[in-house]
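Q: I'm new to this and would like a close look at just one part of this model. Could you walk me through how its pieces pack against each other?

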Amino acid sequence: MRWLPHTARSKMLNMRLTTPFAVYVHWPFCLSKCPYCDFNSHVRQGGIDEARFVRAYQTEIAATAARVLGRTVSSIFFGGGTPSLMQPSSVQAILDSIGKHWTIAPDVEVTLEANPTSVEATRFRGYRSAGVNRVSLGVQSLHDPALKELGRLHTAQEALAAVAVARSIFDRYSFDLIYARPRQTTDAWATELRRAIAEAAEHLSLYQLTIEPDTPFFGLHKAGKLKIPDDDLARDLYDITQAICNDAGLPAYEISNHARPGAECRHNLVYWRGHDYAGIGPGAHGRLTIDDRRLATETDKRPEAWLMRVEENGTGLTVTEKLTPGETADEYLLMGLRLAEGIDLERYSAISGRTLDAGRIAILREEGAVETTADGRLRVTQSGFPLLDAVVADLAA
Ligand SMILES: C[S@@+](CC[C@H](N)C(=O)[O-])C[C@H]1O[C@@H](n2cnc3c(N)ncnc32)[C@H](O)[C@@H]1O
Ligand code: SF4
């Protein structure tokens, strides 16, 4: 490190110890591919050499930690794909590696994404022994015909049984639902959501079905064989979602994420608040500050190609790009405005070296899309959230 006066050095050290730092571990395998999903997930009929993959994760963790020294890990997230296909011993080995190379905060949040089948629920206890303290279950729907249409391998009853197992083992759990599905009415969704809330503890992720390019749903939609709610119905579904969740004490802290105050997913807050995270595994993205430069990193998406790269080079990195202050600020705006708390305008200016256009903010404020708080934050209003993309595009222009 270049020489710094003592006070600046202690300030920096203190910042390193207190600023959240997250590790994302991507497990890219699934039992089958859901027709709506464009995540980096792959089916391998013949199985995979899990031990070999785990060794590669350990190698990549060591290589990343050698570049990002002296950080304290505040959260770890096993995402996918389907991390609940991993053996608990593999999760343990990866967590041990993270602990070997970085300091782990005493209150670290360790989340694992799980599919809610009965087979996967049998592994939950093993995950807890390995150090996982929060699970996020992909329930998607409590309606069997909808689960079938979404190509899911579980029934509603099986999903609820998995939620009950999660509740008995973990203090913290969340589950995901997809709404604005074909033929879904506001009444049917309201009933389903209330049922879900009765099973939820502190956190729920509620995503509107998105038709992603290059998925089977995209082809069906284009051919007119899959109809999703039009904008007006989607807006009504969004509005009742907010009303029901607010009444139940689960307000949205992010456009699609609801939690009791204090029970927000700390890992995802790291992304949305613009802090650093290391991305480990095929197709994992990272944002790292090294020597005061913010870097965007990306690894090879293809699992076997990533594996061979790591075995040959010690890392699966394909991209390490220095972000300009303008790009870093745009990301902060894009991610931060997803949060109900919004962004800190002073921090935006400190990153970008400029201020947001006051005239544009005033117009958006008049339209009721944004509000500014007394302590200098800019946030999107509840009625502005369905127009978030347009608001961000307007402010970033
Ligand atoms: C990467 S998936 C992994 C979770 C886990 N594999 C599962 O499917 O249960 C994370 C979540 O994204 C949501 N998701 C994925 N594709 C979506 C889409 N096209 N529209 C809306 N939500 C989607 C689902 O709710 C899913 O649980
Ligand atoms: S939704 Fe989950 S289980 Fe389905 S393909 Fe995507 S990552 Fe795999």
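A: What follows is a tour of helix packing, with a few stops at other spots at the end. Keep in mind that this is a predicted model.

Let's begin with helix 2, which covers residues 50-67, and its partner helix 12, residues 303-313. Their axes are 9 Å apart and meet at an angle of about 55°. Because of that angle, helix 2 counts as oblique to helix 12. The crossing of helix 2 and helix 12 is left-handed. So who touches whom? From helix 2 come Arg 52, Phe 53, Ala 56, Tyr 57, Thr 59 and Glu 60. They meet a set in helix 12 that includes Pro 303, Trp 306, Leu 307, Met 308 and Val 310, with Glu 304 and Glu 311 among them too. Sorted by class, the residues of this contact between helix 2 and helix 12 are 8 nonpolar, 1 polar and 4 charged.

Now slide along to helix 13 (residues 325-336) and helix 14 (residues 345-352), which pack at about 155° with axes 8 Å apart. Anything over 145 degrees counts as roughly antiparallel, so helix 13 is roughly antiparallel to helix 14. On the helix 13 side you'll find Pro 325, Thr 328, Ala 329, Asp 330, Tyr 332 and Leu 333. Facing them in helix 14 are Arg 347, Tyr 348, Ile 351 and Ser 352. The contact of helix 13 with helix 14 is made of 6 nonpolar, 2 polar and 2 charged residues.

Another pair is helix 15 (residues 358-366) with helix 16 (residues 388-396), packed at an angle of about 155° with axes 9 Å apart. That angle makes helix 15 roughly antiparallel to helix 16. Here Arg 360, Ile 361 and Leu 364 in helix 15 meet Val 391, Asp 394 and Leu 395 in helix 16. By class, the contact of helix 15 with helix 16 has 4 nonpolar and 2 charged residues, but no polar ones.

Between those helices in the numbering, there's a sheet to look at. It is an open sheet of 3 strands in the order 13-15-14, with antiparallel pairing. Strand 13 (343-344) and strand 14 (370-372) sit at the edges with a single partner strand each, so one side of each has no neighbour in the sheet. Strand 14 is joined to strand 15 (residues 377-380) by 3 bridges. If you want one pair to find on screen, Glu 371 stands opposite Arg 379 in strand 15.

The peptide bond from Gly 80 to Gly 81 is cis, with omega near 15°, and Gly 81 lies in the loop between strand 2 and helix 3. Gly 81 is also one of the residues surrounding ligand 2, along with others including Cys 30, Lys 33 and Arg 152. That shell has 4 nonpolar, 5 polar and 2 charged residues. The other detail is Gln 140, which has a positive phi of about 70° although it isn't a glycine; Gln 140 lies in strand 4.

Terms used. Residues are numbered from 1 along each chain as its sequence is written. Chains are lettered from A and ligands numbered from 1 in the order in which they are written. This is a predicted model: local features need pLDDT of at least 70, side-chain atom pairs count only at pLDDT 80 or more; totals for chains, interfaces and linings use all residues. Side-chain values use heavy atoms; hydrogens and water are left out. A residue is near a molecule or strand if one of its heavy atoms lies within 4 Å of it. Ala, Val, Leu, Ile, Met, Phe, Trp, Tyr, Cys and Pro count as nonpolar, Asp, Glu, Lys and Arg as charged, and the others, Gly among them, as polar. Axes are lines fitted to C-alpha atoms, for helices over the stretch in contact, and angles run from 0 to 180 degrees between N-to-C directions. Helices (H or I, at least four residues) and strands (E, at least two) are DSSP runs, numbered from the N terminus. Angles under 35 degrees count as roughly parallel, over 145 as roughly antiparallel, 65 to 115 as roughly perpendicular and the rest as oblique. A crossing is left-handed if the near helix is turned anticlockwise from the far one by less than a right angle, and right-handed if clockwise. Contact means heavy atoms within 4.5 Å. Two strands pair if DSSP finds at least two bridges between them.
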